[in-house]
Amino acid sequence: MLRARPGWSGTLGFVPTMGALHEGHLALIRRAVDENERALCSIFVNPTQFNDESDLAQYPRTPGPDIGRLVEADCDLLYMPSAGEVYPGGTGYDLDWDPGALDEVMEGRQRPGHFKGVAQILKRLLEIVQPQRLYMGQKDYQQVRVVEALIAHYQLPVQLIMHPIVREPDGLAMSSRN
């Protein structure tokens, strides 16, 4: 836990991330803090959404600075699970739902299986965390649509909130890979 607010019994806002936090993530955290009794951020570099092992290996991992940024943003809780905790039965795709065309167009065309991995991890994190609200950035619009369809398919009791894109001074959408 990063910070505790006494007397909590209300809503939990959840911001799932893969770390390497930037101002876009922090905008989501601040919104979750403002709109809920508690805000929780997860940091988990999800192996199932990478179709290239070298891309997974090169993904930035900055837990120390990330924790500092979460403290500064008044985030209440941090969840940094191991792969074994998230996927106790292994990382094979185990959902009885397929994102279909959402996984095959635009970014999905360049990254086969990426959105299946996103669906798998979000379903698992939502089961573990059980938030009332889920915050995602509009920068990842296709991902938001996949998660929206996942929530509808499983009738998950969570409200998906899409936050506007946060941009660099030159107009580029902020990204952990920039």
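Is Cys75 buried or exposed? In this predicted model, Cys75 counts as buried, at 1% relative accessibility. Cys41 is likewise buried, with a relative accessible area of 0%.

**Cysteines**

The whole structure contains 0 disulfides. Cys41 takes part in none, and its nearest cysteine sulfur, that of Cys75, lies 5.5 Å away. A disulfide requires two cysteine sulfur atoms within 2.5 Å. The sulfur of Cys75 is therefore too far from that of Cys41 for a bond, at 5.5 Å. The accessibility values of these two residues are set out below.

| Residue | Relative accessible area | Class |
|---|---|---|
| Cys41 | 0% | buried |
| Cys75 | 1% | buried |

**Sheet and helix**

The model has an open sheet of 5 strands, arranged in the order S3-S2-S1-S4-S5 with parallel pairing. Strand S3 (77-79) and strand S5 (159-163) stand at the edges; each has a single partner strand, so one side of each is left without a neighbour in the sheet. On average, neighbouring strands of the sheet are turned by 25° against each other, direction ignored.

The pairing of strand S4 (residues 133-137) with S5 is parallel and extends over 5 bridges. Within this pair, Tyr135 stands opposite Ile161 of S5. Helix H1 (residues 23-35) packs on the sheet and touches strand S1 (12-17), strand S2 (38-43), S4 and S5. The direction of helix H1 makes about 155° with that of S4.

How values were computed. Residues numbered from 1 in each chain as written. Predicted model: local features only at pLDDT ≥ 70, side-chain atom pairs only at ≥ 80, totals over all residues. Heavy atoms only, no water. Pairing = 2+ DSSP bridges. Helix = DSSP H or I, 4+ residues; strand = E, 2+ residues; numbered from the N terminus. Axes fitted to C-alpha atoms, helices over the stretch in contact; angles between N-to-C directions. Contact = heavy atoms within 4.5 Å. Buried < 20%, exposed > 50% of the residue type's maximum accessible area, 1.4 Å probe, protein only.
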